[in-house]
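Me: I would like to go through the charged side-chain contacts of this structure with you, one step at a time.

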Amino acid sequence: MNISSLTLDSNPISRTFSAANPRTQRSPFIRHRNVVVCSVKSVPSSPSLVAAPAGEGLNRIESLSQVSAVLGCQWGDEGKGKLVDILAKHFDIVARCQGGANAGHTIYNSEGKKFALHLVPSGILNEETMCVIGNGVVVHLPGLFEEIDGLESNGVSCKGRILVSDRAHLLFDFHQVVDGLREAELAKSFIGTTKRGIGPCYSSKVIRNGIRVCDLRHMDTFPQKLDLLLSDAASRFKGFEYGPNMLKEEVEKYKRFAERLEPFITDTVDFMNESISQKKKILVEGGQATMLDIDFGTYPFVTSSSPSAGGICTGLGIAPRVLGDLVGVVKAYNTRVGSGPFPTENLGRVGDQLRFAGQEFGTTTGRPRRCGWLDIVALKYSCQINGFSSLNLTKLDVLSDLSEIWLGVGYKEIDGKPIKSFPSDLRALEQLQVEYEILPGWKTDISGFKNYSDLPKAAQQYVERIEELVGVPIHYIGVGPGREALIYK
């Protein structure tokens with residue numbers, strides 16, 4: 001739908017439009033998108049959500065709880081890695097609790113050099129930070145070692161700074177093969193996974209024939225366990241060829257891996273809880289995001305783990321009572337990779353403009369991301385589930401060239417009946433109408449701005465309207481990819 005072609009009037013609800021989606025093959029759940037357009041007059045600043053005084057940003061960071069977390073609010077790719085990288089120097093430990101190499105966190109060092117991380121926590125660039133890969137993560141050892149080698153070759157020391165849980169499950173190359181076979185089997189109903197083997201590995205874990213990191217210490221029984229896994233895959237997928245040579249080659253390879261991994265292997269449950277007892281500061285880094293959560297996301301178009309707050313405790317073995325501040329990371333617009341519902345998706349010029357201005361191509365897959373307006377209904381739902389104490393609004397600068405900016409503020413059924421919260425039903429998501437508010441754009445490059453008070457009034461209005469609608473303060477605002485491109489509010 002080409003937003004720029006619509007003529008708006010000044011009525012609170014001006015008119016309803018229906019537009020056919022030309023890309024039904026990519027996602028069968030967005031065939032027709034009904035739009036209810038509202039216009040918004042100037043929005044006053046909320047007294048409780050005003051900008052922080054100068055210097056308050058550092059105080060805010062240092063006052064974060066002993067155990068804090070950074071989690072995604074949308075469908076991933078919000079820019080969590082950058083905030084984790086910035087916060088890491090104020091924490092002793094940065095820990096991943098779920099997901100695997102399907103996470104793609106892009107960060108930059110002080111010289112502006114770009115690093116794309118998939119398994120290693122984003123605190124690795126801070127020399128004093130210990131990085132933990134928790135029991136809830138699925139670990140592809142060839143990928144992990146490649147990542148470590150890449151960091152080391154670029155001057156980032158990893159020795160003694162990465163701990164891998166002995167309870168974490170191993171993701172094998174055959175899991176990736178099975179992932180692709182499964183997607184092909186689903187044909188037009190494919191999920192749109194990264195094909196990194198995440199789902200098949202979690203499936204092995206749940207049906208209890210998975211292999212854990214601690215099993216590498218028992219190479220006498222390792223071949224039998226791996227044979228069981230490979231035989232199971234061969235019996236399930238005709239396209240998967242398995243024979244004695246494959247087993248022999250894999251066992252030999254993992255003997256070498258076991259030797260290299262040994263210094264990293266740790267009882268991270270004990271390590272994390274001992275660290276809490278010692279009053280060390282811990283920052284948890286979520287992978288993916290709440291709208292991809294296996295329970296709360298747009299099922300079945302979701303990931304295979306729990307990227308919401310509940311996954312912190314199960315993925316690290318720490319008690320809920322120790323959790324403190326949870327920071328939600330939300331892009332100033334919405335993006336999604338792969339199939340599945342996307343109520344505010346824009347298929348016209350604006351969607352293309354957001355994609356290229358925001359360089360919306362996957363860190364892990366390189367796939368172009370689907371783009372659209374910020375969905376307040378989904379954001380409020382994410383805030384409810386996680387109980388965020390504050391938000392990090394990223395990529396505000398990407399909106400700078402737009403003359404007007406739309407906010408998806410509500411959902412309605414076809415008959416006009418309001419939908420109270422984000423629906424679980426895919427058919428409801430397919431048929432609903434999105435109610436929008438229109439805010440003025442600022443048409444100014446804000447990428448060099450350092451202070452909130454210096455932002456154009458329209459940009460401040462956009463930020464404060466989001467705060468007002470979701471009821472959670474925005475403490476951090478991203479206006480570019482680098483470390484310095486962060487405004488504290």
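Me: How many salt bridges does the structure hold?

Reply: Bear in mind that this is a predicted model. A pair is counted here when a side-chain nitrogen of Lys or Arg lies within 4 Å of a carboxyl oxygen of Asp or Glu. On that criterion the number of salt bridges in the structure is 19.

Me: Are Glu-78 and Lys-80 buried or exposed?

Reply: The side chains of these two residues meet in a salt bridge, with an N to O distance of 2.8 Å. Residues count as buried when their relative accessible area is under 20%, and Glu-78 and Lys-80 are both buried.

Me: How many residues apart are the partners Asp-267 and Arg-167?

Reply: Asp-267 and Arg-167 form a salt bridge in which the closest N and O atoms are 3.0 Å apart. Asp-267 sits in the loop between β11 (265–266) and α8 (268–277), whereas Arg-167 sits in the loop between β9 (162–165) and β10 (169–170). The pair therefore links distant parts of the chain, and its separation is 100 residues.

Me: Which residues are joined with Glu-360 and Arg-369 into one network?

Reply: Glu-360 and Arg-369 form a salt bridge, their closest N and O atoms being 2.7 Å apart, and both residues are buried. Through salt bridges that share partners, the network also takes in Asp-77, Lys-331 and Lys-395.

Notes: Residues are numbered from 1 along each chain as its sequence is written. This is a predicted model: local features need pLDDT of at least 70, side-chain atom pairs count only at pLDDT 80 or more; totals for chains, interfaces and linings use all residues. Side-chain values use heavy atoms; hydrogens and water are left out. Buried means under 20% relative accessible area, exposed over 50%, partly exposed in between (1.4 Å probe, protein chains only). Helices (H or I, at least four residues) and strands (E, at least two) are DSSP runs, numbered from the N terminus.
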